[in-house]
Amino acid sequence: MPKPISVQLYSVREHMAEDREATLRRIAGLGYEAVEPYSPADDPKGFKALADELGLTVSGAHAGGLVRDPEPGPTFEAVATLGTQLAIVPAGIPEAEFTTRDGIARAADVLNGLAQQAEGYGLTLGYHNHWWEFEPKIDGVHALEVLAERLSPQVVLEIDTYWAAIAGAQVPELLGRLGDRVVALHVKDGPLVKGEPHTAVGAGVMPVPQILAARPEAWRVVELDSCAGDVFEALAASHAYLTELAGRGAEGGAA
């Protein structure tokens, strides 16, 4: 049974900055039952209370400062306060580290160390990719896959399917190779052109049914980094499309 559809709140970052409560109410009104915050230290108790009121599960939280922060404890505490067990590193490791085996080894050491600390707060550490972990290849293998081989079992992955595809990965096959380490997917769609706005899921060129079928038990987290039209209309259309796919069993294997 698929988990509730989540949305990365970076998609509505301007609205969140203006009125968090109204934005979350609108997200819930679109039918979403889960959210993925991107700023966990921003009033986590208040966020948790509002999410509970609206029936929103916190599927995970992006915590961008974890890699650079000499004391990540407060961030881990904030993530735990939100009510999720998944603290996700979305940035902070220099892009150049993914161009050599030595750099990848250093990146793995950083993530493995953070994972050990996260366990002390009852959390699992996740890593979220962009395109720069896939464009470089080490002996013909995407750098992200080389990284995965160096990560401890405590580190899981949230695969941004759009950025992986834009960097040349065949995403369904990639997910099959990475297997159970992938616990969440950023489900995006668009023209697969860097710098071009994203579309509602199902309105672009991504093979979404095949992607979801490759990891049917992972969190499905909708995100639009940018949107040519109204972002809430795109989020509503994305939810409707994913709900339809789930209803006809497309996520379980049928394309």
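Contact here means heavy atoms within 4.5 Å. Helices (H or I, at least four residues) and strands (E, at least two) are DSSP runs, numbered from the N terminus. This is a predicted model, in which local features need pLDDT of at least 70, side-chain atom pairs count only at pLDDT 80 or more, and totals for chains, interfaces and linings use all residues. Residues are numbered from 1 along each chain as its sequence is written, and side-chain values use heavy atoms, with hydrogens and water left out.

**Helix 5 with helix 6**

- Helix 5 (residues 101-119) packs against helix 6 at an angle of about 50 degrees, and their axes are 9 Å apart; axes are lines fitted to C-alpha atoms, for helices over the stretch in contact, and angles run from 0 to 180 degrees between N-to-C directions.
- The two helices, helix 5 and helix 6, are therefore oblique to each other (angles under 35 degrees count as roughly parallel, over 145 as roughly antiparallel, 65 to 115 as roughly perpendicular and the rest as oblique).
- On the helix 5 side, Arg-101, Ile-104, Ala-105, Ala-107, Ala-108, Leu-111 and Asn-112 meet Ala-143, Val-146, Leu-147 and Arg-150 of helix 6.
- Sorted by class, the contact of helix 5 with helix 6 has eight nonpolar, one polar and two charged residues (Ala, Val, Leu, Ile, Met, Phe, Trp, Tyr, Cys and Pro count as nonpolar, Asp, Glu, Lys and Arg as charged, and the others, Gly among them, as polar).

**Helix 6 with helix 8**

- Helix 6 and helix 8 pack at an angle of about 10 degrees, with 11 Å between their axes.
- That angle makes helix 6 roughly parallel to helix 8.
- Leu-144, Glu-145 and Ala-148 from helix 6 meet Leu-174, Arg-177 and Leu-178 from helix 8.

**The two sides of helix 8**

- Val-171, Leu-174, Leu-175 and Leu-178 are buried in helix 8 (residues 171-178); buried means under 20% relative accessible area, exposed over 50%, partly exposed in between (1.4 Å probe, protein chains only).
- Gly-176 and Arg-177 are exposed on the other side of helix 8.
- The cover over the buried residues of helix 8 includes helix 6 (143-150), strand 9 (155-160), helix 7 (161-166), strand 10 and helix 9.

**Gly-202**

- Gly-202 sits in the loop between strand 10 (182-187) and helix 9 (208-214).
- Its relative accessibility is 40%, so Gly-202 counts as partly exposed.
- Apart from neighbours within four places in sequence, Gly-202 is in contact with Asp-189 and Tyr-241.
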